[in-house]
Amino acid sequence: MTAIRATAPRTPRTPLGRRFGLLMGALLLSSLGNGLCFPFTSIYISQLLGLGGRAAGGYFIAMAAASFAAALAGGPLADRGSPHRVGALGGAALAVGYALLAPAGSVALVLASGVCVGAGFGLFYASIVGIVDTAVPESGRRSAFAIRHIVNNAGIGLGSVAAGLALHGAATPVGALRWLYLANGLAALPLIAVILGVRPRRRDRPEATEPSGGSAPSGAGPTYRALLRARPMALLILAQALFAIVGFTQIEATVPLLMHDRMAVTLGWVSAVVAANSFALIALQPLLRRRLERLPETVSLAVGPVLWTGAFGCGLGAALAGEAAPAAVRYGLLLAFAVIFAAGELMYSSAFYPLLLRWSGEDAVGRASALASLAWNLGTASGPPIGLFVVANASATGSWLALALGAAAAFTVAAALHGRTAGGT
């Protein structure tokens, strides 16, 4: 592979274009559909359908196994042909998988749904990086991936609110959920159409840059092993797993429990802190956009966990202040945690995928995306148990301190990545 540069050439700010807007609109709708269902799946299968915990566990095991296999297969497929075809196939598998849960009444149908949903996610995440990249000019990559992160989170949040309203006071929750799963499956259909619709025609394609593997034809580029032999790429994939473990899963799973169980924060304020994080993502992106575009990607990637460390420090301050502190101080620190954490998320999302794209080369984007997806899945599977173990065995101050130390560990990997690339390795 050719030498990896630490920074990209700085180009003028460029509009992201109509194709990207259409893609984000369809992604928002699909994410909204996911938000309708994902908090309720285990309850739906085990209790409402009466199939028990084993069936619910089997669903998630089938989903994880299928996602792993589909990501590994989808990466080379995206490189060999078109990421748009692979993404559309993934969207179709998601539509079928979620629609199967609507009439599900047997373990076999539940497992079939898990396989389809897992395969859909594996194929989709192995291809979405290439799909987004072809929809925007190179100078717009950083903003595009930051916006994609915001759209995904906003859609899930809106879907969760809509699901709560739909289920509130429902006489037959199982009936309401069947309709929600059907709606989730239908929400994936526009995404399939848009993915295929925004596929660049041959005459619209920019001249491809030389891939990192040299002059190899499309689809014959670096293998998974070859990609991971490059130290910066290996560090980048490791950083992806760590960011999921110490960052994203902690704000989703650990921090709400920590606030409620260890700090006596009411559910209303827990919801307010989580909502503040989502709104901060939307508000900060246009404010930070110019600054993010001026920072080298490796620097931005390292700044993300630094901000997370500071955010967890705000939580530590709220815990140390205790219930005797004025509400403005205590809840102000928790809201500051949510906003600073959001800024760290934007640092990550604006840097990670542009680095992945440049370092993989044109002929291995699908494989690199699959590796990133697998690292993310590993992180999201292991992060919550680790965080919940910490909360169960430590005080509030000890838990916040442990979270800050985890973010600091992620910083050491990102800093090593910057040092490695800055030296022109």
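Which residues in helix 2 meet which residues in helix 3? Before selecting them, note that this is a predicted model: local features need pLDDT of at least 70, side-chain atom pairs count only at pLDDT 80 or more, and totals for chains, interfaces and linings use all residues. Residues are numbered from 1 along each chain as its sequence is written, and side-chain values use heavy atoms, with hydrogens and water left out.

**Stop 1: helices 2 and 3**

Select Thr 41, Ser 42, Ile 45 and Ser 46 in helix 2. They meet Gly 52, Gly 53, Ala 55, Ala 56, Tyr 59 and Phe 60 in helix 3. Contact means heavy atoms within 4.5 Å. Helices are DSSP runs (H or I, at least four residues), numbered from the N terminus. Now show the axes, lines fitted to C-alpha atoms over the stretch in contact, with angles from 0 to 180 degrees between N-to-C directions. Those of helix 2 and helix 3 (residues 52-80) come within 7 Å and cross at roughly 145°.

**Stop 2: helix 7**

Select residues 173-197, the 25 residues of helix 7. From first C-alpha to last, helix 7 reaches 37 Å, close to the 36 Å expected at 1.5 Å a residue; that span is 1.5 Å times one less than the number of residues. Colour its buried residues (under 20% relative accessible area, 1.4 Å probe, protein chains only). Among them are Leu 177, Tyr 181, Asn 184 and Ile 195. Their cover includes helix 1 (18-37), helix 2 (41-48), helix 4 (83-101), helix 5 (107-135) and helix 6 (141-167).

**Stop 3: Gln 250**

Go to helix 9 (residues 231-263) and pick Gln 250. Gln 250 counts as buried because its relative accessibility is 3%. Not counting residues up to four places away in sequence, Gln 250 touches residues including Phe 312, Gly 383 and Leu 403.

Definitions and conventions
Helix = DSSP H or I, 4+ residues; strand = E, 2+ residues; numbered from the N terminus. Buried < 20%, exposed > 50% of the residue type's maximum accessible area, 1.4 Å probe, protein only.
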